[in-house]
Amino acid sequence: MEKAEKAVNEGEYGEMRDDADGVWSGSWVAERLGVELVGDDRLAGLLGLALRRNPKRAHLLVSNVLGKHVPQSPSVVYGYGFELGRRVRELLGDEEAGRAVVLGYAETATGLGHSVADGLGLAPCLHSTRRPVAGVATAGGFEESHSHATSHLLLPEDPELLTGDGPLVLVDDEFSTGNTVLNTVRDLHGRYPRRRYVVVALVDMRSAGDAGRLEEFAREIGARVDLVAAASGTVRLPEGVLEKGQELVARYESESAAAGAVSSAAPSGLFAQSPAPPNDGANPLGARGTARQAPTGPHPEVNRIDLRWPAGLPDGGRHGFTPSHRERLEAALPEMAARLAAALPPDAHRVHILGFEELMYAPLRLALELERTTDVEVRYSTTTRSPVLAVDDPGYAIRTRLTFPAHDDPADGPGERYAYNVAGAGFDAVVVVVDSTADTPALHAPDGLLARLAAHTPHVLLAVIPSYVPDSYVPERPSMLPEPLRGPAFSSYPPEEVGWLLQDLSDVTLEAPTEEREEAIQSGGAHYAESLPVEYQPNEQYQALFHAALETSAARIAQAVGVVTETVLTERGPRPVLVSLARAGTPVGILMRRWAQYRHGLDLPHYAVSIVRGRGIDANALRWLAAHHDPGDVVFVDGWTGKGAITRELAQALEEFEKSDGITGFSPEIAVLADPGSCVRTYGTREDFLIPSACLNSTVSGLISRTVLRADLVGPHDYHGAKFYRELAGTDVSVTFLDAVSARFPEVADAACAQAKELLSVDRSPTWEGWAAVERISDEYGIHDLNLVKPGVGETTRVLLRRVPWKVLARAGAGSDLDHVRLLAEQRGVPVEEVDALPYTCVGLIHPRYTRGATGADGKAVTL
C-alpha cells in the first residue's frame, strides 16, 4: 500500500486526458435530445452521454474514469477511487476507518470499491456478485430495479465482514435515485444493524426530488448516512425525451444493421468494426474522425501469459479481500507485471488491458503496474453485460461496440456481452484478463471475444487468474429427519391427500397487525416470513361471494387441473412425485393427485414444502425427499405465477443445494394451474382469472398458515414452520373447494386431454411478459421496489388480505372475476383504477410508504 499511496501523493497517476478532438463526448446526445448536464466544472470531463434501449431511461451517463465503457489510463481510474477512499478516511478518522468494511456493487463498481478500500488503507473489501458459487452461503441480497440485470448476492467467506458494527462504506459509480443503496441498506440493516453508513460515488447525480431521500431514510433506520462524491450535478431532461430517445435508438440500430449487412467485408472509419452479425458495430453515420484501416490479414493465435498468480490469493472481492490479501498482491505485482511486459511484442507502444465484467480490480492493478514500470502507453477497461448503442462520432461516448457470447456459463443463462471503444482504437496489443471460470470454449470460439478482438489488433494475449472458491464447510446433520405431518393432527385434509414437510408452530404466537408487519418488512426490520398476518375472517357477504365464484369457476379450474396434470404425466411420468409449494400450491397439488387417480388410476405421492422469497427452499425438506424418492421424479407445484419471483427463487435455491449437498436431479421447473405472467412452461392456462382458493387464507388451505422461517424457531436441522388453525374449523371450506372442482372432472375430461395434447405440440417457452409489465407499472407509478407490485388476481387478493394496499389496477371491462377484489377493496378503502391494455386482469400495489400512517385509524388506506 505504501507504493500506491506514494504514487498518488506524488501525482504519478497523472491527470485525465481530454479527447483529442476537444469535443465533449456528450454533445451528440445533448444536441439531439436536448439533454443538459448541469453541475461542477469537472462534471463534463468525468461523464459523456450515450443511448440505450431501455423503457425507463433512454440516455446513459458514461464515466470516463471508471474503466468500464471507456478505455482510460489505469493511473486515472485507480487514482479517482484511491482519492475517494482517502476522503472517507478523513471523514471517519483512523479509528473508525480501521473498523470499516467497503462494499462495491457488481458489476460496474467492483474495481472502484477495491480502490476506495485501498485509499482507506485499513478496510477489507467485499463486492456483490451475480454469480452464485458452490459451497458459499448467501449472506444477503438485493435488487437494482433500474438495471438490466438486477439480482445481487453477497457471498462473504467470513460472515463477520457483515456482522460487525463498524461503518459500512457502499461504493457505486453513480448516485442517482438512491434506490440501489436504499435496497442494500434495507436488506443488511435488518440483519446486521450498524450506526453508520458512508455512500461513495464518482458522481452525485440526484435530482431535486431525490435529494432528501437519503437523509429521510437515515432518520427512519436510526443511523448516520454520509455521502462522498468526486463531483455532483444533475441531468435536465426535456419533456418527451424518453420517447424521442427510444425512436433515435431504434433508427440508428436499424441503419447500423443495414450498413453492416452490405459493408461488413471491408470495415473502415476511425472506429470501424470487424465483420459481425448485424448491429455488432458502431453506427457509421455522422463520423468525423480520420480513417484507420482495420487488420485484414489472418487472425493471429492468442498467446497465453502465465502470471503465476499467488496460490490462495482471491481474484477479487466476491468473497472478501482483506488488508493481508492486499499486502500479498502488492508484493506479487512487480513480478506479474514483468511477465506480462515480457510477453508483449517488442514493437508494442499502445497496449490495452481488458478485464472481465466483475473482475475489474486485478486487471486494473496489473495495468497500473505495467504503466508504472514500462514506457508503454497503457489503457484499461473491461467487458460488460450492459447493451449500449454505438455511434462513431467524437461527441458520443460509445464509439464502437464488439458483441460476443457470454463465456462464463452465467447463472441467468446465455446472452450477449460487450466491449466498448476497443475496436479501431489503434492498440498494438490487447491483453484479456479473465478468471478461470470464464476460460471456456465460448471464449475461444470463432464468434467469441478473442476472435472479435483479433480483427482489430495484431496481437491478442490472454491471462487467466484462478477463480477463488472458499473452503466449503458443511455442518453435521442428523441422519434422520422427521416424517411428514398429516391430517387430522396437522391440517384438515385427509392424511392420504398431502404430507407436510413442516414443523408445527401452532403453540407459538406469530401474528402481528398488518400495518405493523408492513412497516417492519419495508423498513428492513424484519423479513415477511418471520411473522404471520392476523387471519382474515370473511363476513357473510364475502363468504357468499366465494361460494358463487366457486360455482361459476369450478369447471374452468377442473379443466386447467386436467391440462397441467396430463402435461406432467406425459413429460415427467409415469409416476411423478408431486411437491407443492406451501401453501398456495397445496390445493392444486391435491387436485392434480385426484385427477391422476380419476383418469389413470394412479396413487401419486404428494407433499408440501416451504419456499421463502429471498431465503430459498427448505433444504431439509429436499434432503428428506432425496432420501425417500428419486429427485428426478419430483415435480414442484404452485397455484399461479405473478411476476415469476418464486420461479427464479426455486431455480437459484436448487442450484445452491446441488452445490452444497451434491444431490442432483431436482428440476427447477414448476407446474402451475395458471401462468398469467408467462414464467413457466408447464401450466393449465395462461389466463388470469379467479381461482377461489386465492379468495381466502387458511380456511381454503387445510387450515394451515403461511410458512414461517425465523432463526429462533427454525434451527439448522429443522423444517420451516407453520401453524394449524384448529380453532377456525367452523369456517373451513378446504375440502368443499376440492370436492366442488373434482366433481367437474368427468364433464371436462375430453376437452382437458385435447388441450394438453395441443399444448404439448407447441412452443411453451416462458416470455416473462409479467416481469416486464411489473417493471413498466413500477416506473409509471413511482414505486421503487418491484416487490411492492403484485400482479394477477391471486396476488392482488393476497395484497388486500395480508398487506397494506395502496391501490388496485383493474383491466378495463374485467367482469365477475374481480367481484371479490372490489368487495375487499371497498372494505379497506382502497381505490380501484381501471386501466386499458393491462396484461393482467388486475394488479395490486402495496403502499410504497411503509409507516403505520399509510392507513387511517379505521384501517383504511390513506391516499398519497
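Trainee: Why is Glu 551 called exposed?

Mentor: Glu 551 has a relative accessible area of 54%, and exposed means over 50%, buried under 20% and partly exposed in between, with a 1.4 Å probe and protein chains only, so Glu 551 counts as exposed. This is a predicted model, in which local features need pLDDT of at least 70 and side-chain atom pairs count only at pLDDT 80 or more, while totals for chains, interfaces and linings use all residues. Side-chain values use heavy atoms, with hydrogens and water left out, and residues are numbered from 1 along each chain as its sequence is written.

Trainee: What makes Glu 551 and Arg 744 a salt bridge?

Mentor: Their closest N and O atoms are 3.4 Å apart, and a salt bridge is a side-chain nitrogen of Lys or Arg within 4 Å of a carboxyl oxygen of Asp or Glu, so the pair qualifies. Glu 551 sits in helix H15 (residues 540-572) and Arg 744 in the loop between helix H19 (734-742) and helix H20 (745-760), 193 residues apart; helices (H or I, at least four residues) are DSSP runs numbered from the N terminus.

Trainee: What makes Arg 623 and Asp 661 a salt bridge?

Mentor: The closest N and O atoms of Arg 623 and Asp 661 are 2.7 Å apart, and both residues are buried.

Definitions and conventions. Helix = DSSP H or I, 4+ residues; strand = E, 2+ residues; numbered from the N terminus.
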